[in-house]
Amino acid sequence: MQVRFDKEFTPLCPHCNRALEEVVATRMRHDLGRAYMHSCPHCQKVIGISHRKGFWMG
Ligand SMILES: [Zn+2]
């Protein structure tokens, strides 16, 4: 599998279908340490949770 980097590509929010030029990261307390909740800046719904900042759906 290849990973293609495309700076023109903008993901869409699965909730409100608006372009995600940025996501809002919120740090939350977690049993195993720190976790980051990533939310859409438009509808504020959570897109993904990860243990590393900036790496969502992981
Ligand atoms: Zn949204």
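A residue is called buried if 20 or more other C-beta atoms lie within 10 Å of its own, exposed if 12 or fewer do, and partly exposed in between, with C-beta atoms placed from the backbone.

What you see is a predicted model, in which local features need pLDDT of at least 70, side-chain atom pairs count only at pLDDT 80 or more, and totals for chains, interfaces and linings use all residues. Numbering starts from 1 along each chain, as its sequence is written.

Now the confidence. pLDDT is the predictor's confidence in each residue, from 0 to 100. The mean for the protein is 83, and 83% of its residues reach 70 or more. Strand E1 has the lowest confidence, with a mean of 83, and strand E3, residues 46-50, has the highest, at 88.

Next, the layout. Helices (H or I, at least four residues) and strands (E, at least two) are DSSP runs, numbered from the N terminus.

How do E2 and E3 run relative to each other, parallel or antiparallel? They run antiparallel, joined by 4 bridges. Two strands pair if DSSP finds at least two bridges between them. Across this pair, His38 stands opposite Gly48 in E3. The hairpin of E2 and E3 has 6 residues between the strands, and there Gln44 takes a positive phi near 65°.

Is Ala35 buried or partly exposed? It is partly exposed, because 16 other C-beta atoms lie within 10 Å.

Then one from E1. Val24 belongs to this strand, residues 24-30. Val24 counts as partly exposed because it has 13 C-beta neighbours inside 10 Å. Which residues does Val24 touch, leaving out those up to four places away in sequence? They are His38, Ser39 and Pro41. Two residues are in contact if their C-beta atoms, placed from the backbone, lie within 7 Å. Between the C-alpha atoms of Val24 and Lys45 there are 9.9 Å, with 21 residues separating them along the chain.

Last, the contacts of the whole protein. Among those between residues at least 6 apart in sequence, 22% join residues at least 24 apart.
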